Amino acid sequence: MSVIYRGVVSAVDKIVPAKLQPLWSHPAGPKTIFFWAPAFKWGLVIAGIGDLTRPADKISIPQQGALSATGLVWSRYSLVIIPKNWSLFSVNVFVALTGLYQLSRAIRYEQSLKSAEKENVSKPQAVPA
């Protein structure tokens with residue numbers, strides 16, 4: 001597979017305009033995994049945005065917690081590595097934000113269930129005559 005990839009990159013090298021060469025040859029540019037991993041990770045962000053209409057009772061708290069945590073951790077990591085990977089940073093910020101928003105929706109839903117349950121327990125039940 002890497003032979004094919006190298007062949008494609010060397011063919012594209014010849015047609016990339018001079019003005020785009022710095023971006024093309026950047027250490028985190030399209031020639032490296034440091035570009036393609038964040039590019040494909042945008043799929044998680046798109047899925048998270050698509051899930052905004054999902055009912056709160058169908059949201060997995062552990063899953064959204066994991067997405068939020070990994071988004072935050074990798075956002076930090078992308079700024080301490082050399083070279084700084086701004087595309088990795090941006091995608092992970094969005095992964096964290098969508099995860100945190102969904103997590104807050106799920107937690108608010110769980111709390112509303114608990115408060116409704118407490119109200120039902122504290123209300124005296126009518127006794128039929």
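This is a working chat about a predicted model.

Colleague: What should I know about the model before we start?

Modeller: It is a predicted model, so local features need pLDDT of at least 70, side-chain atom pairs count only at pLDDT 80 or more, and totals for chains, interfaces and linings use all residues. Residues are numbered from 1 along each chain as its sequence is written, and side-chain values use heavy atoms, with hydrogens and water left out.

Colleague: Helices, then. At what angle do H4 and H5 pack?

Modeller: About 155°, with the axes 7 Å apart. H4 covers residues 61–80 and H5 covers residues 86–122. Helices here are DSSP runs (H or I, at least four residues; strands are E, at least two), numbered from the N terminus. Axes are lines fitted to C-alpha atoms, for helices over the stretch in contact, and angles run from 0 to 180 degrees between N-to-C directions.

Colleague: Parallel or antiparallel?

Modeller: H4 is roughly antiparallel to H5. The cut-offs: under 35 degrees is roughly parallel, over 145 roughly antiparallel, 65 to 115 roughly perpendicular, and the rest oblique.

Colleague: Left-handed or right-handed crossing?

Modeller: H4 and H5 cross left-handed. That term means the near helix is turned anticlockwise from the far one by less than a right angle; clockwise is right-handed.

Colleague: What about H3 and H5?

Modeller: Their axes come within 9 Å and cross at roughly 20°. H3 and H5 are therefore roughly parallel to each other. The crossing of H3 past H5 is left-handed too.

Colleague: Give me a residue in H5. Is Val95 buried or exposed?

Modeller: Val95, in helix H5, is buried at 3% relative accessibility. Buried means under 20% relative accessible area, exposed over 50%, and partly exposed in between (1.4 Å probe, protein chains only). The C-alpha atoms of Val95 and Lys41 are 8.6 Å apart, though 54 residues separate the two in sequence.

Colleague: Switching topic. How many salt bridges?

Modeller: Two. A salt bridge is a side-chain nitrogen of Lys or Arg within 4 Å of a carboxyl oxygen of Asp or Glu. Lys31 pairs with Asp13, closest N and O atoms 3.1 Å apart.

Colleague: What does that pair tie together?

Modeller: Lys31 lies in the loop between H2 (21–24) and H3, and Asp13 lies in H1 (residues 2–13), so the bridge links parts 18 residues apart in sequence. Lys31 is partly exposed at 30%. Asp13 is partly exposed at 28%.

Colleague: Which residues make the other bridge?

Modeller: Asp51 and Arg54, at 3.5 Å, N to O. Asp51 is partly exposed at 23%, and Arg54 is partly exposed at 36%.

Colleague: Which residues make the nonpolar surface patch?

Modeller: Tyr5, Ile33, Phe34, Trp36 and Phe40, covering about 570 Å². Patch residues have over 30% relative accessible area and no salt bridge; like charges are joined within 9 Å, nonpolar side chains (Val, Leu, Ile, Met, Phe, Trp, Tyr) within 5 Å. Areas come from the Shrake-Rupley method with a 1.4 Å probe, and for residues only the protein chains shown count as cover.

Colleague: Which helix gives the most?

Modeller: H3 (residues 33–50), with four residues. Ile33 sits in H3 and is exposed at 59% relative accessibility.

Colleague: Last one. Where is the cis peptide bond?

Modeller: Between Ile82 and Pro83, with omega about 0°. Pro83 is in the loop between H4 and H5.
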